[in-house]
Amino acid sequence: MPGPIRPQLMLQIKKWGYLIFMTPLGLPILSWALTSHFGLGDASAWMTILFVFGIVPVLDALIGKDASNPDEQLHTPHLEKSLYYPLLTLSCVPAYLFLIIWGAHIFSSDLYHWAGKIGWLLSIGVVGGLAITVAHELIHKNSVLEQTAGGLLLAMVGYGGFKVEHIRGHHVNVATPADASSSRYNQSLYHFLPRAIFSNVKNAWVLEQRRLARKGLSSHSPYNELIWWYGVSAALLAGFTLAWGLMGALFFVGQGVVAILLLETVNYLEHYGLHRRAKDDGGYERVTHQHSWNSNYLLTNLMLFQLQRHSDHHANAKRRYQALRHYDESPQLPAGYATMVLLALAPPLWRKVMNPKVNHYYQQDTSAAENPQ
């Protein structure tokens, strides 16, 4: 981004810039219009994929970075109290529910052939991955409304366990061998994904069982929140099946799988090769902004509600997205998440780019990177 921008002006740019999240939500509607009214055909169903992983990386590089931070005394209290910012994230719940219901209707119709249906399913799933970003913001907050909204978004993609495991598992064990969502040095994305998904689903149940056991309750108790979230997913699957048959079920499951894979791919790049040092008592040093990769590319930060300021998020998990800060001393990704996801799909290229960055961050100590303690 050319030249520094005054903090107050940048805050205003960001305030309205967060509305860009509506673009991926609206692109499937544009795709449908181009096909149904202008006969564009199956190609239009891939428009969302092209935008997120084709146009956004280019614009990200052109627009550049934003390293500005809100003033902790002057700006942050107002940002944290403003209702505008949580209203944006809460609005994603009805918006995504509408999108998957309408999306199933289109998927089940004869508007697209199979090439178009695949593009449509992937496109809605990618929007679902962005919806999980919003869910991630919501489940970290204390209000019942935001917690519930975040759980509902996760239930829409069939990943309700993330609400439990992410808060009580990942944030506790991040950057240690105990965390399946912290990718290891030299670990490929394809090695990481199945292990992360399986471990996180399993660990969510273990964590919830322990919580209930401390209260003297059975894991089959109605107080087990996982039963409720997976119950919502099951109810949605049943509803989609009743309304659109096998195609409805295929669509609901498919968009959820794509969203989950995108979420865990983002997890892969957020902590790759980083680790917390072991202490003499067997524990680990406390989590700081040095244990997550940071990325300050403005466009993707706006689209993802500043998820890319992940270093500050892990150091201060309750801080709202609009108040997250940049730290120069945090490890820095070379691009925004849209670009980094594409890079992760090619493990040799990923290692060529990222391994030197990990080594440099640990002052060329390759052994420390390869053997995190």
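What volume does the largest cavity have? The answer is about 270 Å³. The model is a predicted one. Its cavities of 30 Å³ or more come to six.

**The largest cavity**

- A total of 24 residues line the largest cavity.
- Closest to its centre are L130, T133, V266, L304 and Y337.
- Six helices each give at least two residues to this lining: α3 (47–63), α7 (114–139), α9 (161–173), α11 (225–270), α12 (298–303) and α14 (337–344).
- The largest share comes from α7, with six residues.
- By class, 16 lining residues are nonpolar, seven are polar and one is charged.

**The second largest cavity**

- The second largest cavity holds about 90 Å³ of space.
- Its lining consists of F21, P24, L25, C92, Y96, V127, L130, A131, V134, M303 and F305.
- Two or more of these residues come from each of α2 (22–38), α6 (92–108) and α7.
- Here α7 gives the largest share, four residues.
- The class count is 11 nonpolar residues, with no polar and no charged ones.

**What links the two**

- One charged residue lines the largest cavity, whereas the second largest cavity has none.

Notes: Residues are numbered from 1 along each chain as its sequence is written. This is a predicted model: local features need pLDDT of at least 70, side-chain atom pairs count only at pLDDT 80 or more; totals for chains, interfaces and linings use all residues. Side-chain values use heavy atoms; hydrogens and water are left out. On a 1 Å grid over the protein atoms alone, a cavity is a set of points where a 1.4 Å probe fits but cannot get out, and a pocket is an open set with protein on both sides within 12 Å along at least five of seven lines; lining residues have an atom within 4 Å of a point. Grid points are joined across faces, edges and corners, and a volume is the space filled by probe spheres set on the points. Ala, Val, Leu, Ile, Met, Phe, Trp, Tyr, Cys and Pro count as nonpolar, Asp, Glu, Lys and Arg as charged, and the others, Gly among them, as polar.
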